[in-house]
Amino acid sequence: MVDALREVHRVLAPRGVLVDARPDSRVLAGAEHLTGRGHRRVGTINTARVERANDRISDRAIARVVREGLFERRRHGRFWHRVPFDDLSGLVQYLREHLRFAHRARWSVDAAMRRRIKNDRFAIRRAVRFELLDRR
Amino acid sequence: MNKVVGHVGRVGWQVPAVSSALRPSAAVELGHWGGPRLVRGKRVLDLGCGDGRLALGMAPYAKSVAGLDPDPPLIASARRRARASGARNVRFQVGAAQTLPYPSGAFDVVILSWTL
């Protein structure tokens with residue numbers, strides 16, 4: 001990964017910009033129930049352990065090339081992104097198959113409530129982080 | 001961002017988890033990074049471009065966009081999408097990030113979106 005970042009430094013012109021954007025595993029994703037009036041959180045979703053480890057490796061690679069003086073941190077931020085589903089079963093199935101997330105949500109509403117709203121629309125709301133770095 | 005971005009139905013289990021359909025649109029991502037001015041008139045490299053979602057979203061603003069990905073089927077898909085969109089300033093290529101097939105100083109902006 002550090003090798004790739006050194007290559008990025010090579011192909012960037014002086015004062016060029018590197019953008020690093022990826023899901024933010026430091027923040028829990030949310031399972032949301034979407035209604036006509038808006039949305040409410042009905043559960044939280046962890047990032048899979050292996051993906052959290054990968055994210056830490058990426059963070060360390062960026063920190064290393066900054067330490068080496070190849071890049072300088074300019075600006076960073078976070079925004080939220082929703083992946084919508086037609087119903088609860090779609091969301092549950094998605095979690096079972098998706099590699100990045102833990103395979104089950106941690107529900108904050110009971111099973112009876114979930115049964116009542118299971119045919120409504122749902123979404124996974126997750127954080128995306130980004131950082132802009134200047135080539136030095 | 002408090003609005004659902006594009007309702008895509010049961011996309012979560014109809015397409016692979018790595019699909020760009022599950023990601024924010026290029027316009028949304030670019031908007032958060034600073035807007036079109038970040039790439040306007042610039043030579044842009046989208047590293048790990050996948051099916052070209054982001055590269056094609058940058059094309060209307062950038063001078064040129066290069067997309068690189070190690071997955072040949074995804075690059076084929078990106079090329080098809082580029083042809084369909086009529087973008088003439090985008091080139092896609094199969095390759096690895098560890099040995100970039102470009103000369104030194106070839107780009108003004110390099111994007112690693114959901115890549116690292």
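Reader: What are the ground rules on numbering and confidence here?
Author: Residues count from 1 along each chain as its sequence is written, and chains are lettered from A, with ligands numbered from 1, in the order in which they are written. The model is predicted, so to speak of local features takes pLDDT of at least 70 and side-chain atom pairs count only at pLDDT 80 or more, while totals for chains, interfaces and linings use all residues.

Reader: OK. Which helices and strands does chain B have, and in what order?
Author: Chain B has four helices and four strands, running α-α-β-α-β-α-β-β from the N terminus. Those are DSSP runs numbered from the N terminus: helices are H or I with at least four residues, strands are E with at least two.

Reader: How much of chain B is buried?
Author: Buried residues are 43% of its 116 residues. Buried means 20 or more other C-beta atoms within 10 Å of a residue's own, exposed means 12 or fewer, and partly exposed is in between, with C-beta atoms placed from the backbone.

Reader: Let's look at α4(B). Which of its residues are buried?
Author: Leu74(B), Ile75(B), Ala78(B) and Ala82(B). They cover an arc of only 100° around the axis, which puts them on the same side of α4(B); the arc is taken over directions from the helix axis to the C-beta atoms.

Reader: And what's on the face turned away from that buried side?
Author: Exposed residues: Pro72(B), Pro73(B), Arg83(B) and Ala84(B). The buried ones pack against α3 (53–58), β2 (64–69) and β3 (90–94) of chain B. Just after the helix, Gly86(B) has a positive phi of about 80°.

Reader: Switching topic: how many residues of chain B are in contact with chain A?
Author: 34 residues of chain B are in contact with 40 of chain A, where contact means C-beta atoms, placed from the backbone, within 7 Å.

Reader: Which element gives the largest share of that side of chain B?
Author: β4(B), with seven residues.

Reader: How does β4(B) pair with β1 of chain A?
Author: In the parallel sense, over six bridges, with β1 of chain A covering residues 12–23. Strands pair if DSSP finds at least two bridges between them. Val17(A) stands opposite Val109(B) in β4(B).

Reader: Last one: what does Met58(B) touch, leaving aside neighbours within four places in sequence?
Author: Met58(B) is in contact with Ala26(B), Leu30(B), Val39(B), Val44(B) and Val65(B).

Conventions
Contact = placed C-beta atoms within 7 Å.
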